Amino acid sequence: MEHTIETNQTETPSIHKTGFIYGIITAFLLVIYFIIMRQLHLIEYTGLRYVNYLFIGLGIFLAYRSMLNKIHRMHLPYLQGLILGLWIAVTAGLVFAVFVAIFTGIHPDFLPSIAPRIAFDGPLTPFMAAFLVFAESLIIGIVWSLILMQYFKRENEQEA
């Protein structure tokens, strides 16, 4: 089931396609930030991962702005905006989780160095690290979607 938004033009922008594109862009930002932090030897400071939350919020915000430019309206329909944010969070979370799983598989010394600094009780495997990254990205993406849709939603759904 494809979710689209009607526009004044003949083409309708796809929520899924836009979400995928901005999810990939967001994942790219997350991976680049991770690599920079690794190169600067700051990766062990797990509190700096909160910057990832800003990247996820930025990706969702830019996607909402893009959709507004495509539909030539002031506000997005609320449910479609939430779906768009969810697609971005899922795409970015999956891509970044796969990257983290591959990275931790290649660098087996990484997980033992961060394990004491994260709030997780149990053995930290590459699969578990990837799952935690995905879950955190998904939850933060949902929160950002809910927050940003308060700004981007239509004031009156009759405007649709």
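Author: Here are your questions on labels, with the values behind the answers.

Reader: First, what kind of model is this, and what is the fold pattern along the sequence?

Author: The model is predicted. The protein has 5 helices and 0 strands. Read along the sequence, the pattern is α-α-α-α-α.

Reader: How many of the residues are buried?

Author: Buried residues make up 41% of the 160 residues in the protein. A residue is called buried when its relative accessible area is under 20%.

Reader: How do you know that arginine 49 and glutamate 136 meet in a salt bridge?

Author: The N to O distance between their side chains is 2.9 Å. The rule asks for a side-chain nitrogen of Lys or Arg within 4 Å of a carboxyl oxygen of Asp or Glu. The value of 2.9 Å falls within that cut-off of 4 Å, so the pair counts as a salt bridge. In general, side chains of opposite charge can pair when their charged atoms come close.

Reader: Why are arginine 49 and glutamate 136 called partly exposed?

Author: Arginine 49 has 31% relative accessibility. Glutamate 136 has 22%. Partly exposed lies between the buried limit, under 20%, and the exposed limit, over 50%. Both values fall in that range, so arginine 49 and glutamate 136 count as partly exposed.

Reader: Which residues lie nearest the centre of the largest pocket?

Author: Arg49, Ile114, Ile118, Val133 and Glu136 lie nearest its centre. The lining of the largest pocket has 26 residues. About 590 Å³ of space lies in this pocket.

Reader: What makes up the lining of the largest pocket, by class and by helix?

Author: By class, the lining has 21 nonpolar, 3 polar and 2 charged residues. H1, helix H2 (51–71), helix H3 (78–106), helix H4 (110–114) and helix H5 (126–152) each supply at least two residues. H5 gives the most, with 5 residues.

Reader: Why is isoleucine 114 called buried?

Author: Isoleucine 114 has a relative accessible area of 10%. The buried limit is under 20%, so isoleucine 114 at 10% counts as buried. Isoleucine 114 lies in helix H4. Isoleucine 114 and tyrosine 45 are 69 residues apart in sequence and 7.9 Å apart in space, C-alpha to C-alpha.

Reader: And proline 116: why is it called exposed?

Author: Proline 116 has 69% relative accessibility. The exposed limit is over 50%, so proline 116 counts as exposed. Proline 116 is in the loop between H4 and H5.

Reader: What makes the nonpolar surface patch, and which helix gives the most to it?

Author: Phe20, Ile21, Ile24, Ile25 and Val95 make a nonpolar surface patch of about 400 Å². Helix H1 (residues 15–39) gives the most, with 4 residues.

Reader: What is the phi of histidine 41?

Author: Histidine 41 has a positive phi of about 60° although it is not a glycine. Most residues other than glycine have a negative phi. Histidine 41 is found in the loop between H1 and H2. At 61% relative accessibility, over the 50% limit, histidine 41 counts as exposed.

Reader: Last, how far apart in space are leucine 79 and methionine 149?

Author: They are 9.0 Å apart, C-alpha to C-alpha, and 70 residues apart in sequence. Leucine 79 is found in helix H3. At 59% relative accessibility, leucine 79 counts as exposed.

Technical notes
Residues numbered from 1 in each chain as written. Predicted model: local features only at pLDDT ≥ 70, side-chain atom pairs only at ≥ 80, totals over all residues. Heavy atoms only, no water. Patch = residues over 30% accessible without salt bridge, like charges linked within 9 Å, V, L, I, M, F, W, Y side chains within 5 Å. Areas by Shrake-Rupley, 256 points an atom, 1.4 Å probe, with all protein chains shown as cover. 1 Å grid on protein atoms, 1.4 Å probe; cavity = no way out; pocket = protein on both sides within 12 Å on 5 of 7 lines; lining within 4 Å. Points joined across faces, edges and corners; volume = space filled by probe spheres on them. Nonpolar A, V, L, I, M, F, W, Y, C, P; charged D, E, K, R; others polar. Buried < 20%, exposed > 50% of the residue type's maximum accessible area, 1.4 Å probe, protein only.
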